[in-house]
Every structure is written in C-alpha cells, then in structure tokens.
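Open the model in your viewer and keep the sequence beside it. We will go stop by stop, selecting as we go.

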Amino acid sequence: MYSKKKSKKALGNRKIWKATVPAILLAIIFTGIVVGMSYFRKSLFTVMTVPDFQLMDQNGKMISNKDMLGKVYLVEFFYSTCPTICPVMNNNMKFVDREINSPDFGIISVSIDPKRDTPEVLKKHADALGVKNPNWHFLTGDRDYIGKIADEFNIYVGDKEDESESLNHSGMIALVDKNGKIRCRYGTNHTPILYYSGLNYKDAEGKTPQLNGPYHPERQWLVEDIRKLLDE
C-alpha cells in the first residue's frame with residue numbers, strides 16, 4: 001500500500017517536472033532575449049575603419065587620422081562662408097564640445113572650399129566661433145583629395161567640376177572611436193543609423209529639418225554616445 005502511494009506520488013512529481021521544465025526554459029529564453037535586446041539597443045555598431053586623411057589645420061599643422069588615434073572625435077564637411085547649414089552644424093558641434101569637455105575628445109571640420117578657406121581664414125573662423133579645444137581641427141588642402149576623402153567616408157560632397165553643385169554637402173557627421181573605427185547607435189527600427197545629423201529640426205522627433213529649428217535630437221545622441229566611447 002505504501003509503495004503504491006509512493007509510486008503514484010513520484011509519478012505525479014515527474015508529470016509536474018515535465019510540465020515545469022518547458023516553462024522554465026521559455027522564461028530563460030525570454031529573459032535572454034530581453035537582456036540581449038537591451039544590450040543591442042545600448043551598444044554601438046561598428047560601421048567601418050575611418051579612411052586615411054592628412055590635411056593642414058588652421059594653425060598650419062598637418063593632421064592625419066593617425067594623429068587622432070586615442071581620441072574620440074567627430075568628422076564633418078563644411079566651408080566657412082556657407083550661409084545655411086554650416087553655421088547650424090558648427091553651433092551644434094560647439095554644444096557637443098562644451099558638454100563633453102574632455103582632452104580625449106576632438107572634432108575634424110574639413111573645408112570643401114579650400115581655395116578660399118586657407119589656414120589663415122580657418123583660424124579666423126575658429127576664433128569667431130570661440131573654439132578653445134586644441135583638438136578641434138579645421139582642415140584644408142587639395143579639393144580633389146578632399147572630395148576623395150568625402151567619398152571614402154560616404155558623406156556627400158558636391159562635384160567640384162559642377163559650379164552649381166560644388167559647394168553642396170551633407171549635414172551628416174561621422175563618430176570615430178579611439179581605435180579609428182566609425183561607430184553609430186541603432187535606430188528605433190533596430191538598424192544602425194550610420195551617421196548623425198548636425199542639423200536643427202522643427203519637431204522633437206527629428207523628422208523635419210529647419211535651420212532655426214528649436215530641436216536638436218541627434219546632437220544629444222552624440223553627447224551620449226561619445227561618453228560611451230570615452231568610457232570604453
């Protein structure tokens with residue numbers, strides 16, 4: 001009698017265990033997915049190795065990508081007399097620079113109008129902006145070479161042979177880590193954004209660009225992601 005009761009109890013325990021194991025496994029898998037997705041959203045994607053570059057800055061010093069190793073930095077293409085998006089981009093860069101305030105952070109601003117943007121002109125431009133960071137380099141050089149660099153960065157710059165297009169350029173910014181890798185965050189659709197916008201927006205979601213827009217969502221992203229990379 002005792003052995004039959006014990007046998008029934010053991011059989012019941014086995015049934016409970018068989019029913020419980022799948023639930024436990026599903027819970028573990030679900031937890032893993034949640035944790036994985038959280039890490040996925042917070043981690044930064046590696047886009048590519050930064051292209052080689054070497055150009056002269058506003059102080060007459062040659063600056064290359066190798067000089068920037070060990071620093072987290074941003075790369076933009078602009079020109080000093082640009083009346084539209086360049087002042088917006090420069091001001092957003094200034095905001096990021098002030099927020100980060102680190103000797104391990106820098107900015108590379110490459111002029112697409114080197115004929116006018118000599119080192120002396122770029123020095124005046126940097127002074128007018130109130131640039132204090134010694135790692136903020138305004139670069140100039142051969143226009144064909146600069147166009148090649150922009151292509152390698154995959155940031156749009158107009159064809160210099162097309163007069164109406166030569167000074168057109170993208171408002172996108174590359175984020176480079178200490179090891180010379182271009183990095184970015186994942187967007188809301190869980191795909192890498194690749195580059196960050198240096199523009200202002202009419203809306204908080206960053207869908208409608210506006211020169212004097214009150215919203216700057218992606219400059220805040222840059223601040224957050226630069227801090228992550230500085231801590232790596």
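Select Pro-51 to begin. Leaving out residues up to four places away in sequence, Pro-51 touches Asn-65, Glu-152, Phe-153 and Ile-182. Contact here means heavy atoms within 4.5 Å. Before going on, note that this is a predicted model: local features need pLDDT of at least 70, side-chain atom pairs count only at pLDDT 80 or more, and totals for chains, interfaces and linings use all residues. Residues are numbered from 1 along each chain as its sequence is written, and side-chain values use heavy atoms, with hydrogens and water left out.

Stay on Pro-51. It is found in the loop between strand S1 (45–49) and strand S2 (54–56). Helices (H or I, at least four residues) and strands (E, at least two) are DSSP runs, numbered from the N terminus. Is Pro-51 buried or exposed? Pro-51 is buried, with a relative accessible area of 8%. Buried means under 20% relative accessible area, exposed over 50%, and partly exposed in between (1.4 Å probe, protein chains only). Pro-51 and Lys-181 are 130 residues apart in sequence, yet 9.2 Å apart in space, C-alpha to C-alpha.

**Aromatic rings**

Next, show the rings. How many aromatic pairs does the structure hold? It holds 5. Rings of Phe, Tyr and Trp (its six-membered ring) pair if their centres lie within 6.5 Å; planes under 30 degrees apart count as stacked, over 60 as edge-to-face and the rest as tilted.

Select Phe-77 and Phe-153. This pair is edge-to-face, with 6.1 Å centre to centre and 70° between the planes. Phe-77 lies in strand S4 and Phe-153 in helix H4 (residues 143–153), so the pair ties together parts that are 76 residues apart in sequence. Phe-77 and Phe-153 are buried.

Move to Phe-78 and Phe-138. They also form an edge-to-face pair, 5.8 Å centre to centre with 65° between the planes. Phe-78 lies in strand S4 and Phe-138 in strand S6 (residues 136–139), so this pair ties together parts that are 60 residues apart in sequence. Both Phe-78 and Phe-138 are buried.

Ring pairs link Phe-53, Phe-77 and Phe-153 into a cluster.

Select S5. Of its 7 residues, 7 are buried. Phe-105, Ile-107, Ser-109 and Ser-111 point one way, while Gly-106, Ile-108 and Val-110 point the other way.

Show S4 beside S5. They pair in the parallel sense over 7 bridges. Two strands pair if DSSP finds at least two bridges between them. Find Val-72, which stands opposite Phe-105 in S5. S4, H2 and S5 make a right-handed β-α-β unit. A crossover is right-handed if, with the strands pointing away from the viewer, the path from the first strand over the helix to the second runs clockwise.

Now show S6. S5 and S6 pair in the parallel sense over 4 bridges. Ile-108 stands opposite His-137 in S6.

**Helix H5**

Finish with helix H5 (residues 217–231). H5 has 15 residues and reaches 22 Å from its first C-alpha to its last, close to the 21 Å expected at 1.5 Å a residue. That expected span is 1.5 Å times one less than the number of residues. Its buried residues include Arg-219, Leu-222 and Ile-226. What covers the buried residues of H5 includes strand S4 (72–78), helix H2 (85–100) and strand S5 (105–111).

Last, select Arg-219 and Phe-95. The charged end of Arg-219 sits over the ring of Phe-95, 3.7 Å from its centre. A charge sits over a ring if NZ of Lys or CZ of Arg is within 6 Å of the ring centre and within 35 degrees of the ring normal.
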